[in-house]
Amino acid sequence: WQLVYWWILRALMIGGIILRLFESDALGMYQPLQMSANLLGMFAFEIFQAFPKKTFFRNFSSGFQNVSIMVFFLASFGGAFLNFYYTVPMYDKILHMLGCMVGVYMGYELVCAMQIRDKQTCSPKIAALCALGIAFVFSTGWELFEFSFDQWFGGDAQHWDLQLAL
């Protein structure tokens with residue numbers, strides 16, 4: 001079921017990228033580039049399996065991808081392709097709240113993967129604190145991603161440009 005779920009979301013994202021490539025609009029190549037970068041994130045679990053066996057990346061559970069793929073899909077396909085950022089009230093705020101929760105879960109998965117690799121455990125309080133810190137790093141990285149695409153490719157990932165929205 002997981003492979004079917006992953007590939008349905010990926011196929012929709014690929015279809016959205018292809019449709020945007022053939023449309024001419026004010027965003028030009030920006031939206032297909034952003035969606036392609038998010039599509040790459042949708043393959044994180046498989047990419048991690050290519051790492052050497054001694055790295056903790058190999059120990060992520062498939063639940064990591066079940067959650068992360070949905071966030072990439074909602075942000076890129078729902079928000080950018082379907083224009084939910086402008087048509088659904090508070091869509092961006094809801095995604096940011098969801099993203100923070102997912103960031104903590106992904107941080108927890110990361111701590112668990114490190115514990116599996118090292119064959120040692122830490123206290124749940126330390127794991128929760130680490131998960132929160134890692135979520136901060138993920139969230140900051142996401143905002144840097146949005147800002148970089150806006151600055152370098154003239155897009156509207158942070159949704160501040162009314163003309164691009166229209």
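This is a predicted model: local features need pLDDT of at least 70, side-chain atom pairs count only at pLDDT 80 or more; totals for chains, interfaces and linings use all residues.
Me: What makes up the protein, in helices and strands?
Reply: The protein has 8 helices and 0 strands. Along the sequence, the pattern reads α-α-α-α-α-α-α-α. Buried residues account for 38% of its 166 residues.

Me: Why is Arg10 called buried?
Reply: Buried means under 20% relative accessible area. Arg10 has a relative accessible area of 0%, so Arg10 counts as buried.

Me: What makes Arg10 and Glu46 a salt bridge?
Reply: Side chains of opposite charge can pair when their charged atoms come close. The cut-off here is a side-chain nitrogen of Lys or Arg within 4 Å of a carboxyl oxygen of Asp or Glu. In Glu46 and Arg10 the closest N and O atoms are 2.9 Å apart, so the pair qualifies. Glu46 lies in helix α3 (residues 44–49) and Arg10 in helix α1, so this bridge ties together parts that are 36 residues apart in sequence.

Me: How many salt bridges does a search of the whole structure find?
Reply: The search finds 2 salt bridges. One of them joins Asp118 and Arg117, with the closest N and O atoms 2.7 Å apart. Asp118 is partly exposed at 40% relative accessibility, and Arg117 is partly exposed at 32%.

Me: How do you know that Arg10 lies over the face of Phe43?
Reply: One part of the rule asks for CZ of Arg within 6 Å of the ring centre, and the other for a position within 35 degrees of the ring normal. Arg10 is listed over the face of Phe43, at 3.9 Å from the ring centre. Arg10 also lies over the face of Trp7, at 4.8 Å from the ring centre.

Me: Why is the pair of Phe51 and Phe57 called tilted?
Reply: A pair of aromatic rings is described by the distance of the centres and the angle of the planes. Centres must lie within 6.5 Å; planes under 30 degrees apart are stacked, over 60 edge-to-face, and the rest tilted. The centres of Phe51 and Phe57 are 4.9 Å apart and their planes are at 50°, so the pair is tilted. Phe51 is partly exposed at 30% relative accessibility, and Phe57 is partly exposed at 24%.

Me: Which residues do ring pairs link into a cluster?
Reply: The cluster holds Phe48, Phe51, Phe56, Phe57, Phe60 and Phe64.

Me: Why is Phe22 called exposed?
Reply: Exposed means over 50% relative accessible area. Phe22 has 71% relative accessibility, so Phe22 is exposed. Phe22 is found in helix α1 (residues 2–22). Together with Leu3, Trp7, Ile14, Ile18 and Leu21, Phe22 makes a nonpolar surface patch of about 630 Å².

Technical notes. Residues are numbered from 1 along each chain as its sequence is written. Side-chain values use heavy atoms; hydrogens and water are left out. Patches are made of residues with over 30% relative accessible area and no salt bridge: like charges are joined within 9 Å, nonpolar side chains (Val, Leu, Ile, Met, Phe, Trp, Tyr) within 5 Å. Accessible areas come from the Shrake-Rupley method with a 1.4 Å probe; for residues, only the protein chains shown count as cover. Helices (H or I, at least four residues) and strands (E, at least two) are DSSP runs, numbered from the N terminus. Buried means under 20% relative accessible area, exposed over 50%, partly exposed in between (1.4 Å probe, protein chains only). Rings of Phe, Tyr and Trp (its six-membered ring) pair if their centres lie within 6.5 Å; planes under 30 degrees apart count as stacked, over 60 as edge-to-face and the rest as tilted.
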